[in-house]
Amino acid sequence: MHWVHVDGYPMPILVGGHPALELCNTWAGWTEPPGPEREWLRDFDRLAVWTRHVQLLTPTTVARLREEGRRQPSAAHEVLVATRLLRTALHDVLLDPGDTTAFRHVAEQAHRAAAAAVLESDQDGLAHWSLPDDVGLGLPLLACARAAADLLTSPARAEVRACPADDCGWIFLDRRGRRRWCSMATCGNRAKVRAYAARRAPD
């Protein structure tokens with residue numbers, strides 16, 4: 001898997017096409033049978049940086065969250081654990097729409113995010129929903145929940161695919177109905193990628 005450095009931390013490159021899918025792709029152990037465990041969101045500080053990486057939160061907000069997380073490590077860890085649970089539930093419901101237990105978990109967090117959101121006006125006169133800073137340490141979790149709800153209520157939901165590589169498991173949007181792998185440049189199964197590319201090559 002390829003990665004980039006963001007604020008000193010390695011972060012997975014973005015291949016999903018939506019922040020909710022990028023959240024699922026922060027875990028590299030979705031394969032069956034399970035591949036090598038690789039957790040990108042290892043602590044709250046990295047979670048906060050990741051939300052900046054996918055532009056769910058602003059750099060200023062993330063800097064404040066990181067400082068607050070250092071002052072309240074126990075509370076920050078609870079947010080991290082809750083975000084990982086949301087990630088698992090979202091991944092499950094995306095690959096199995098009939099998983100009502102997973103859907104209820106995502107919906108519960110999405111309801112919390114919706115309740116905390118405020119309507120603000122932009123300079124151009126348009127309004128948008130945002131999560132205020134006074135949400136506190138739970139901001140990354142609620143931002144992820146909003147992204148999840150955005151995807152699940154969008155027609156793009158039908159375009160979600162899982163990479164079939166044995167040691168990958170990342171998920172992505174297949175907007176044109178032609179993508180099979182998460183990315184030819186990042187998929188871990190090089191042999192399958194080469195074979196697939198060879199089959200598609202013109203005679």
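Me: Is Cys144 buried or exposed?
Reply: Cys144 is buried, with a relative accessible area of 1%, where buried means under 20% relative accessible area, exposed means over 50% and partly exposed is anything in between, using a 1.4 Å probe and protein chains only. Bear in mind that this is a predicted model, in which local features need pLDDT of at least 70 and side-chain atom pairs count only at pLDDT 80 or more, while totals for chains, interfaces and linings use all residues. Residues are numbered from 1 along each chain as its sequence is written, and side-chain values use heavy atoms, with hydrogens and water left out.

Me: How many disulfides are there?
Reply: The count is 0 disulfides, taking a disulfide to be a pair of cysteine sulfur atoms within 2.5 Å. For Cys144, the nearest cysteine sulfur belongs to Cys24 and is 9.8 Å away.

Me: And Cys163, buried or exposed?
Reply: Cys163 counts as buried, at 6% relative accessibility.

Me: What caps the N-terminal end of H2?
Reply: Asp43 does, with a side-chain oxygen 3.3 Å from the backbone nitrogen of Asp45. Such a polar contact is a pair of N or O atoms within 3.5 Å; within protein, one must be able to donate a hydrogen and the other to accept it, and residues adjacent in sequence count only if both atoms are side-chain atoms. Asp43 also meets Arg46 in a salt bridge, at 3.2 Å from N to O, a salt bridge being a side-chain nitrogen of Lys or Arg within 4 Å of a carboxyl oxygen of Asp or Glu. Of these two, Arg46 is buried at 16% relative accessible area, whereas Asp43 is partly exposed at 28%.

Me: How many salt bridges in the whole structure?
Reply: A search of the whole structure finds 12 salt bridges. One of them pairs Asp7 with Arg66, the closest N and O atoms being 3.6 Å apart. This pair links distant parts of the chain, since Asp7 sits in the loop between S1 and S2 while Arg66 is in helix H3, 59 residues apart. Arg66 is buried, at 16% relative accessible area.

Me: Which residue pairs with Arg70?
Reply: Arg70 and Asp45 meet through their side chains in a salt bridge of 3.6 Å, N to O. Arg70 lies in H3 and Asp45 in H2, so the pair ties together parts that are 25 residues apart in sequence. Arg70 counts as exposed at 52% relative accessibility, while Asp45 is buried at 13%. Salt bridges that share partners join Asp7, Asp45, Arg52, Arg66, Glu67, Arg70 and Arg71 into one network.

Me: Back to Asp7, what is its phi?
Reply: Phi of Asp7 is near 50 degrees, a positive value in a residue other than glycine. Most residues other than glycine have a negative phi. Asp7 counts as partly exposed, at 36% relative accessibility. Gln55, which follows H2 in the loop between H2 and H3, has a positive phi of about 65 degrees although it is not a glycine, and Gln55 is exposed with a relative accessible area of 71%.

Me: What does Gly69 touch?
Reply: Leaving aside its neighbours within four places in sequence, Gly69 is in contact with Phe44, Ala76 and Leu137. Gly69 is found in helix H3 and counts as buried at 10% relative accessibility. From Gly69 to Phe44 there are 25 residues in sequence but 6.9 Å in space, C-alpha to C-alpha.

Me: Last one: what do the buried residues of H5 pack against?
Reply: They pack against helix H4 (73-95) and helix H6 (139-152), and they are Ala102, Val106, Ala107, Gln109, Ala110 and Ala113. The N-terminal end of H5 is capped by Asp99, which places a side-chain oxygen 3.4 Å from the backbone nitrogen of Thr101.

Definitions and conventions:
Helices (H or I, at least four residues) and strands (E, at least two) are DSSP runs, numbered from the N terminus. Contact means heavy atoms within 4.5 Å.
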